[in-house]
Amino acid sequence: QPQEVRDSVFAEVIELVARELFEWGLMQTDPNFANYRYREADRKIVLLDFGATREVDRQVRQSYRTLLEAGLARNHAGVKQAALNADFMSSTVVERHGEAVDRMIDIILGEMAKDAPFDFGDRGFVPALRDEGMAIAQDKANWHIPPAETLFVQRKVSGTALLAARLAARVDVRELVRPYLAGDSA
């Protein structure tokens with residue numbers, strides 16, 4: 001499909017994920033590419049296979065909201081604290097690899113700060129994130145598994161980003177998620 005169709009369709013997918021997480025508190029957590037269809041006749045996204053649908057705990061929803069708010073505000077310390085509060089990482093990681101964590105946050109904030117739609121097809125920043133993350137992951141004292149509830153949501157968020165990368169979608173994610181961040185929608 002042409003770029004504008006891919007971008008438009010993917011904007012709807014991102015809005016769907018935001019509504020699942022922040023508005024409904026109910027999320028289909030299997031982002032397998034085969035679980036989506038695009039109905040060209042009426043330009044609708046059709047989500048299939050609800051076997052992996054889960055309720056999302058209010059605290060998990062608030063953790064994502066806080067993390068996104070800090071990211072959109074380009075608040076480095078706020079992102080780090082929100083990631084700790086959400087149990088994405090442990091305080092041991094920050095104590096032992098604080099500089100690497102800071103570099104990873106800076107990379108992400110740099111990508112979010114660009115005054116343009118996010119280009120999911122441009123994966124130029126991924127190797128730097130991977131390298132920093134691998135250094136942390138090799139230190140077995142840091143191994144930390146976030147709560148299962150968070151992992152299910154993260155599977156959906158990460159899988160959605162991979163789908164966007166596959167489509168090389170360019171979407172203004174900031175504007176799409178902003179309405180869901182102003183307070184608790186559910």
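Modeller: Helix 2 (58-72) and helix 4 (91-113) are among the elements covering the buried residues of helix 3. Helices are DSSP runs of H or I, at least four residues, numbered from the N terminus. Contact means heavy atoms within 4.5 Å. This is a predicted model: local features need pLDDT of at least 70, side-chain atom pairs 80 or more, while totals for chains, interfaces and linings use all residues. Residues are numbered from 1 along each chain as its sequence is written, and side-chain values use heavy atoms, leaving out hydrogens and water.

Colleague: Which residues in helix 3 are buried?

Modeller: Gly78, Val79, Lys80, Ala82 and Ala83, within residues 76-85. Buried is under 20% relative accessible area, exposed over 50%, partly exposed in between (1.4 Å probe, protein chains only).

Colleague: What caps its N-terminal end?

Modeller: Asn75 does, with a side-chain oxygen 3.3 Å from the backbone nitrogen of Ala77. Just after helix 3, Asp87 has a positive phi of about 70°.

Colleague: Switching to rings. How many aromatic pairs?

Modeller: Four. Rings of Phe, Tyr and Trp (its six-membered ring) pair with centres within 6.5 Å; planes under 30 degrees apart are stacked, over 60 edge-to-face, the rest tilted. Tyr64 and Phe88 are edge-to-face, because their planes are at 90°, with centres 5.5 Å apart.

Colleague: Why does that pair tie parts together?

Modeller: Tyr64 lies in helix 2 and Phe88 in the loop between helix 3 and helix 4, so the parts joined are 24 residues apart in sequence. Tyr64 is buried at 6%; Phe88 is partly exposed at 23%.

Colleague: Which residues form the ring cluster?

Modeller: Phe10, Phe118, Phe120 and Phe125, linked by ring pairs.

Conventions. Helix = DSSP H or I, 4+ residues; strand = E, 2+ residues; numbered from the N terminus. Polar contact = N/O pair within 3.5 Å; in protein donor to acceptor, adjacent residues only side chain to side chain.
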